[in-house]
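Dear colleague,

Please find the structure below, handed over for your use.

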Amino acid sequence: MIGKLFDVPRRLPAGLAALLTLMAVIMLSAMADSTMQPLPATAPSAQFSAERALAHLKEFAAEPRPIGSPASGRARDYVAGQLRAAGLQVEIQRSVGGRSAAGLATFGQVDNIVGRLRGTGSTGTVLIAAHYDSAAMGPGASDDGAAVAAMIETVRALRTGPGMRNDIVLLMSDGEEDGVLGAEAFVRDHPLGKAGGVLLNWEARGVSGPSLMFETTAGNSRLVETFVHAVPAPRGHSAMVEVYRLLSNNTDFTPLTKAGFTGMNFAYIQRSSLYHTAGDSIANLNRGSLQHHGTNMLALTRALGNADLRTLTSDQDVTYFRALGTMITYPARLVWPLAVLALLAVAGLALLGRLRRLLSLPRLIMAAVSAVVPLVLSAALAQGLWELLVAWRPAYDLMGGLLHRPRPYQAAIAVLCALAVLGWYLVLRRRLGPAALTVGALTWLAGLGVLCAQVAPGASFLFALPALLGSLGCLAAALSRGPAWARAAAAMLGPVTAAMLLPSLAGDVFDGMGLALGGVSALILALFGLTVVPIAELFLPDPATRRLPDPATQRLPDPAARLLPDPAARLLPDLAIRPKRAVLLPVSLVALLLTTGLVATGLAADDFDAGQPQRTHLAYVMDADTRTAHWVSADTDPPQWTKQYVSGHDTSGLPVGYARGTLWTGPAPAIAADGPRATVLARREGTLKLQVTAGKGARSVTLRLDQPIIRATASAGRFGSASVPVTGTRAGTWPSEIRFRGIPAQGVQITLRIQEADRIRLTVIGETDGLTAVPGFIPRPPHLVAATREDGGLIAVTRGYTLAGDA
């Protein structure tokens with residue numbers, strides 16, 4: 001009781017045509033998800049021009065501008081000046097922002113730029129948001145300077161036309177990189193942050209790629225409708241929204257929407273190996289990405305600026321995705337019907353196979369259960385490949401899987417996924433039969449469609465639609481008496497649908513998460529493979545040329561149920577009798593050779609140089625009490641430049657409370673620095689109040705305690721204060737940490753609610769950007785950049801305290 005659901009003559013040409021069709025669909029889908037052609041400075045004044053925006057970017061994004069730095073102040077003054085010149089009401093909101101994580105409280109003195117363009121008959125506020133600070137390691141041309149420059153160019157284009165109906169507010173926030181501090185202060189302290197409205201937030205996690213709408217607030221149907229109709233080149237899909245809602249990542253979108261704003265979040269994410277490094281520069285910025293960002297921003301601002309914002313509320317989400325360049329949307333009320341229809345279609349296909357004696361229920365169950373093997377194996381092979389790459393090239397580990405040229409490695413993962421799926425199919429094909437394996441594979445997709453309908457409705461389409469169309473296509477091919485080409489075309493409905501959706505999703509996951517989580521992309525690729533296994537039948541002999549006992553009865557099937565002998569079996573009898581050995585072995589060898597070649601190509605193409613630099617971590621640490629200093633590196637295998645400063649793993653000479661994780665260390669010369677100071681103002685009933693200064697020239701201060709804390713409050717005098725609860729403890733170091741970024745010269749007051757303890761040990765760390773003040777320091781060569789660990793490239797001067805009893 002095994003057989004094919006349908007068959008066509010001249011199977012080899014049909015199989016080649018099917019493969020070429022799938023390849024064409026995948027390529028066309030990738031091309032349709034491209035970015036935009038940048039417009040020159042001579043473009044019409046009402047249009048967005050990437051070149052005009054770039055002129056602004058060059059004025060403020062040529063150097064790192066972390067919160068509280070002189071470069072940040074220069075960027076603030078330039079951007080605010082441009083908004084004032086465009087006729088906006090501009091203010092600088094100076095406040096203290098705060099955020100907490102496990103065992104950590106982060107504060108910062110922020111200077112938010114708030115510009116306002118009043119509407120002619122406002123129905124609400126359209127808030128356009130981006131952050132103008134950068135990570136300390138790089139100039140942040142993309143993250144998030146490109147969006148800020150796009151806002152300036154958008155305002156210029158808006159001012160060429162009639163006034164907007166609604167109020168337009170521009171928020172260029174500060175301190176986003178240190179924990180969305182500026183946005184938190186905006187919604188807590190600024191009247192416009194409390195008023196609510198429609199939010200358009202702009203980000204980047206790379207330096208290239210299309211501007212994706214990857215996150216929305218709940219009840220997004222009217223917002224997505226506006227997005228689809230207003231934007232000339234909409235990109236993104238609702239599965240991104242569902243995935244991002246499950247992640248712990250934060251952008252300014254998070255505190256703003258928690259405060260009552262509804263809206264959409266945009267970013268481009270390709271070439272993410274340069275994210276938060278010196279490579280996030282104007283030279284590496286893709287001009288088409290800037291154009292896409294700005295074109296979408298201008299189009300949505302115009303649409304929302306003239307809409308009745310009171311009508312944009314909705315109580316449901318919408319599913320949206322692109323198929324060959326066309327945006328498709330449908331309401332949430334269709335998610336469950338489509339998922340259920342997919343299940344019913346798969347059940348109908350199983351019933352047809354049973355009635356035609358092509359499968360049995362035990363074989364179908366075994367096929368569906370066994371389909372977990374290629375899924376798990378694909379993910380395991382991808383993660384195993386990453387572990388091998390890190391073992392061969394330890395510097396990859398510091399990049400978090402975000403490699404410069406990952407395409408050969410990604411192709412290798414795709415080959416391994418194909419091998420896992422094809423191997424599963426060939427091993428079980430003669431035992432269970434093509435019909436059972438096809439229906440079993442579709443059962444997985446239909447089941448995932450139902451699961452997503454329950455927990456992540458916006459992602460259900462990824463699985464329900466291929467399962468539905470795949471089952472209907474196979475039913476049509478099996479029941480049709482039409483020409484062979486029509487039956488083959490019907491059978492391709494599911495694979496083609498999957499080809500439009502799943503490979504591009506895997507690519508997005510590769511871009512966003514990197515190879516360190518390559519198993520996630522591999523799982524998606526394996527699911528795609530399950531939808532196209534019927535195509536393998538076009539290259540294989542008929543399995544019914546040899547009968548096998550039914551696992552339910554252990555008896556041979558009725559001879560009358562046998563299909564006619566396959567011509568391929570007559571021509572290749574050995575292949576028909578022993579397909580596992582005759583087909584699987586050469587296929588496996590070819591796949592492994594191809595994988596090896598792709599990995600070798602990746603290692604050669606992705607080697608480090610000035611264009612694609614290696615990351616390395618190095619910090620200078622001096623104990624101000626003992627005047628002893630050390631170089632510190634968290635690299636697994638430091639490059640030669642770093643090894644001239646560190647030589648072993650002895651951390652005993654480091655200040656207490658400083659070490660976190662496994663470190664390399666080496667002796668360093670002492671420098672002339674005051675160091676930070678902490679004065680106890682009060683200590684009673686579980687409360688510790690400190691006056692903290694960072695030392696001359698230091699931009700930030702960090703406090704580490706050997707006791708857990710419950711709440712932290714930071715006050716910067718007339719600039720305000722912030723208070724956050726703290727739960728949990730820090731890993732690999734002392735349990736509690738408090739940071740204050742952009743600390744004023746006069747210092748700040750830190751108040752801690754702390755568990756009662758007779759003795760508290762406290763280490764205060766004053767942090768200054770750059771290492772050039774250390775005698776004998778040699779700058780990094782061009783093929784190295786600072787790693788993204790928070791203390792990289794810093795001079796850290798520490799001072800320790802032991803606090804006993806009440807003060």
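**Findings**

A634 is buried, with a relative accessible area of 19%; buried means under 20% relative accessible area, exposed over 50%, and partly exposed in between (1.4 Å probe, protein chains only). This is a predicted model, in which local features need pLDDT of at least 70 and side-chain atom pairs count only at pLDDT 80 or more, while totals for chains, interfaces and linings use all residues. Residues are numbered from 1 along each chain as its sequence is written, and side-chain values use heavy atoms, with hydrogens and water left out.

A634 belongs to the loop between strand 12 and helix 25 (640-643). Helices (H or I, at least four residues) and strands (E, at least two) are DSSP runs, numbered from the N terminus. Between the C-alpha atoms of A634 and I710, which are 76 residues apart along the chain, the separation is 29 Å.

Two strands pair if DSSP finds at least two bridges between them. Strand 11 is joined to strand 12 (residues 628-633) by 5 bridges, and the two run antiparallel. M622 stands opposite A629 in strand 12 and opposite V797 in strand 23.

The hairpin of strand 11 and strand 12 has 4 residues between the strands. R627 counts as partly exposed, at 37% relative accessibility.

**Strand 20**

Strand 20 (residues 748-754) has a covered face, made of V748, I750, L752 and I754, and an uncovered face, made of Q749, T751 and R753. Strand 15 (residues 687-693) runs antiparallel to strand 20 and is joined to it by 6 bridges; here L688 stands opposite L752. Strand 17 (residues 709-715) is likewise antiparallel to strand 20, with 6 bridges, and I709 has I754 as its bridge partner.

**Helix 10**

Helix 10 (residues 287-305) has 19 residues and reaches 26 Å from its first C-alpha to its last, close to the 27 Å expected; the expected span is 1.5 Å times one less than the number of residues. Of its 19 residues, 16 are buried, so helix 10 is largely enclosed by the rest of the structure. At its start, a side-chain oxygen of N286 reaches to within 2.7 Å of the backbone nitrogen of G288.

**Backbone exceptions**

Most residues other than glycine have a negative phi, and most peptide bonds are trans. V180, which is not a glycine, has a positive phi of about 45°. V180 lies in the loop between strand 4 (167-173) and helix 5 (181-189), and is buried, with a relative accessible area of 7%. D143 and D144 are joined by a cis peptide bond, with omega about 10°, and D144 lies in helix 4 (residues 141-158).

**Helix 1**

L19 is found in helix 1 (residues 11-32). L19 is partly exposed, with a relative accessible area of 37%.

Terms used. A polar contact is a pair of N or O atoms within 3.5 Å; within protein, one must be able to donate a hydrogen and the other to accept it, and residues adjacent in sequence count only if both atoms are side-chain atoms.
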